[in-house]
Amino acid sequence: MNLLYTDIEEDLRASVADLLSDRAAPATVLARIESGADTALWGELARMGATSLHVSEGLGGQGAGYRETAVVAEELGRSVAPVPFLGSAVLATAVLTHLADDPAARALLGRLARGETTAALVVPLSSWESVPDGRGLVRSVADAAAADVLVVPVAGVVHLVDARDAVVTPVTSLDQTRPIADVDITGAPTTPLAGPGDDAVRAALVAGAGILASEQVGLAQWCLDTTVAYLKERHQFGRPVGSFQALKHRVADLWQSLVVARAAARHAADALTTGVDVDIAVSVAKSLCSTAAVRAAEECVQLHGGIGMTWEHPAHLYLKRAKADEIALGTPGRHRATLAPLVDLPLQSTP
Amino acid sequence: MSEIQDRVAALLAANDPATTDRLEFLRARFDAGLAWVHFPVGLGGMAAPRDAQPVVDQALAAAGAPDNSPRRIGIGLGMAAPTILAHGTDEQRLRFLRPLWTGEEVWCQLFSEPGAGSDLAALGTRARRDGDDWVVTGQKVWTSSAHNARWAILVARTDPDVPKHAGITYFVCDMTAPGVDVRPLRQITGEAEFNEVFLTDVRIPDAHRVGEVGAGWRIAQTTLMNERVAIGGRPVPREGGMVGVVADTWRAHPERRTAATHDRLLELWVESEALRLAGIRLRQQLAAGSPGPEGSAMKLGFARLAQALSGLEVEFLAEDGLRYDDWTQRRPAMVDFTGRDAGYRYLRAKGNSIEGGTSEVLRNIIAERVLGLPTEPRVDKDVPWKDLPR
Ligand SMILES: Cc1cc2nc3c(=O)[nH]c(=O)nc-3n(C[C@H](O)[C@H](O)[C@H](O)COP(=O)(O)OP(=O)(O)OC[C@H]3O[C@@H](n4cnc5c(N)ncnc54)[C@H](O)[C@@H]3O)c2cc1C
């Protein structure tokens with residue numbers, strides 16, 4: 001178990017961070033939030049290989065693992081960049097790697113890795129544990145509006161659907177930097193993939209939840225850094241407001257919760273890579289990091305005072321992402337419920 | 001009590017709500033002393049105890065009488081009116097209170113500035129005497145409802161040579177006067193509920209000064225204490241406000257219920273009920289007097305619960321919680337903490353711990369003024385305002 005970042009991971013972080021600070025600084029993201037996904041940035045991330053890290057080289061990917069994917073997620077969380085990373089590079093890709101014996105799945109993985117195509121997994125973003133069925137209207141699907149191909153679970157089998165053949169209706173999203181859409185594939189031609197579809201989707205939800213924990217850590221880190229910088233600079237009562245102990249303690253608590261959250265998120269990424277202790281690691285990380293990120297974003301707004309309530313300050317983008325991430329792929333409560341039997345703390349008394 | 005009932009009956013007999021124009025009815029109600037019964041005779045009241053008000057409100061509502069849309073004129077009712085009553089001249093009371101109460105004239109609050117939020121006393125908007133007028137120049141910010149307002153309560157610096165608390169004067173500012181420039185500021189909800197207000201050589205007659213020159217800080221305390229009670233201490237029925245909205249959401253969605261959310265909801269329900277009872281106790285203690293620092297505790301509890309409840313609601317709604325009704329930059333006619341959808345309520349509630357004094361500042365007030373703990377060492381208290389570092 002390695003909970004640190006390797007040198008390779010640090011290099012990867014540096015190059016992704018470079019690209020994002022150049023192309024997706026908070027002010028840039030804010031200025032373009034009402035125009036959907038940033039396809040140019042998404043293309044660059046794919047060219048860097050950042051969208052296929054956990055796909056083996058034989059399948060056209062980078063042959064790294066979820067640890068590296070998690071590092072990218074962290075940086076994307078820090079910038080709340082509007083790219084379909086979760087829907088395409090994590091969820092849809094994870095399903096396809098589980099069904100890679102099917103030639104259509106393999107072909108799509110190659111196209112995804114080369115950045116030629118974007119996919120989305122058609123389940124409500126709030127899904128956890130049970131696999132929803134993709135027939136009829138599926139609501140609140142992440143990154144669907146940006147997808148060319150839809151990956152749809154239907155009665156235990158995963159189907160591929162050309163997005164142009166489905167009805168994809170963008171909806172106004174609480175998280176403006178990860179738009180959701182409603183999807184209906186009724187009547188669309190589909191390509192069924194061989195292999196255990198439900199297992200593939202379930203594994204993708206677990207991977208997604210584990211990777212989201214790292215996104216939440218990156219998001220919380222931005223909130224902490226931005227708040228600390230503001231408390232040093234903002235003066236009231238003739239002194240920096242950060243000199244008030246009440247506020248020092250608040251950011252010290254945030255820092256402490258981030259130390260813990262980062263360890264849990266790294267553990268989840270490591271477990272997803274090695275396959276050891278995955279379920280416990282993911283549910284610990286997702287339940288803890290969800291709460292830590294929401295709290296960091298809420299504190300960021302509060303400690304900025306009136307500025308924090310304005311549209312022109314980017315704090316709200318992080319608040320909205322944090323709140324949506326809390327719901328995404330299982331709320332903290334649902335992850336604790338998943339954890340309970342795994343750690344022998346059942347709710348029901350044994351008869 | 002029977003006198004009040006008689007008056008209500010007389011008002012209704014003379015002004016049938018079914019046939020009387022809304023504004024005519026509200027004016028008649030004011031003139032009958034039934035607007036705010038604890039106000040003096042002749043100013044919309046009858047010098048009765050505050051707790052007689054619900055009797056009037058309920059009897060009139062039952063008779064189908066129009067109300068004055070209190071949410072649309074919250075700043076006037078909750079802040080400007082008690083301040084003008086306590087510190088204004090007779091002419092000011094007679095001029096301002098009636099149209100304020102009927103809603104014919106909306107009020108806003110020109111207090112905060114970019115450099116003076118929690119440290120309101122550091123404000124830099126200047127008012128200089130010129131004959132019978134004052135000439136005011138400066139910038140205010142976060143001004144709710146300025147776009148609808150006819151009048152503002154304004155604090156400005158009249159003497160920069162004395163320490164900051166001593167050189168402030170309180171005014172009523174005409175929002176239609178030349179030199180008042182209101183610009184929308186968009187909030188995280190998408191709405192432009194508040195504004196920046198630029199004041200450039202705005203002339204305010206000395207007759208619109210409230211209280212003595214230099215007494216503005218003390219008078220502003222009346223406004224702020226009332227503001228905190230207005231935000232956090234309003235009388236509500238059981239399950240009124242945010243807890244009721246979230247309880248309804250719970251009842252409407254049996255399919256989403258879990259043991260964990262159930263326990264959290266009930267915990268917050270109990271706290272909301274207890275805070276409501278604390279508000280009743282506070283009002284009973286204060287039946288005669290005006291609100292003191294204890295009102296701050298109500299606003300503190302209100303903000304915390306509004307945030308926790310609305311946060312729980314979004315989470316509980318799961319795939320629906322991921323959606324938002326509308327990001328359009330609207331100019332709302334009123335501030336509605338519990339309106340629209342769950343996402344809006346969650347985002348708007350974030351302002352509850354900032355507006356009207358932040359929760360951190362309220363904790364300082366409780367610690368220092370209620371509990372008597374020593375204040376922080378102050379570098380800025382005895383220095384002339386003009387020499388303060390900025
Ligand atoms: C929705 C909304 C509506 C508003 N409407 C109006 C209005 O109509 N009219 C009006 O005049 N103003 C209005 N305000 C402004 C509001 O009163 C100020 O935002 C508030 O007083 C805080 O000031 P600030 O924004 O400058 O924050 P700052 O004072 O800069 O505070 C920044 C942070 O430092 C903390 N802090 C500051 N001093 C201390 C201290 N001594 N100890 C501990 N912590 C401290 C604060 O709590 C905050 O977290 C509104 C604000 C909001 C959000």
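Leaving aside its neighbours within four places in sequence, D270(A) is in contact with M1(A), N2(A) and R67(A). The model described here is predicted. Within chain A, D270(A) belongs to helix α8, which covers residues 245-274. The relative accessible area of D270(A) is 8%, and since buried means under 20%, D270(A) counts as buried.

Attention now turns to the ligand, which is found between chains A and B. Around the ligand there are 28 residues, and those that come nearest are R234(A), S118(B), W142(B), T358(B) and E360(B). Sorted by class, the shell is made up of 14 polar, 10 nonpolar and four charged residues. Helices from the two chains take part: α9 (278-303) of chain A and α11 (359-370) of chain B each supply at least two residues of this shell. In chain B, domain 2 (71-213) and domain 3 (233-357) both give residues to the shell, so the ligand lies between these domains.

One oxygen atom of the ligand is 2.6 Å from an N or O atom in the side chain of S118(B). For E360(B), the distance from a side-chain N or O atom to an oxygen atom of the ligand is also 2.6 Å. A nitrogen atom of the ligand, in turn, is 2.9 Å from an N or O atom in the side chain of S144(B). On its own, the ligand has 980 Å² of accessible area, and the protein covers 96% of this area.

Key:
Residues are numbered from 1 along each chain as its sequence is written. Chains are lettered from A and ligands numbered from 1 in the order in which they are written. This is a predicted model: local features need pLDDT of at least 70, side-chain atom pairs count only at pLDDT 80 or more; totals for chains, interfaces and linings use all residues. Side-chain values use heavy atoms; hydrogens and water are left out. A residue is near a molecule or strand if one of its heavy atoms lies within 4 Å of it. A polar contact is a pair of N or O atoms within 3.5 Å; within protein, one must be able to donate a hydrogen and the other to accept it, and residues adjacent in sequence count only if both atoms are side-chain atoms. Accessible areas come from the Shrake-Rupley method with a 1.4 Å probe; for residues, only the protein chains shown count as cover. Helices (H or I, at least four residues) and strands (E, at least two) are DSSP runs, numbered from the N terminus. Ala, Val, Leu, Ile, Met, Phe, Trp, Tyr, Cys and Pro count as nonpolar, Asp, Glu, Lys and Arg as charged, and the others, Gly among them, as polar. Domain bounds come from an automatic or database domain assignment. Buried means under 20% relative accessible area, exposed over 50%, partly exposed in between (1.4 Å probe, protein chains only). Contact means heavy atoms within 4.5 Å.
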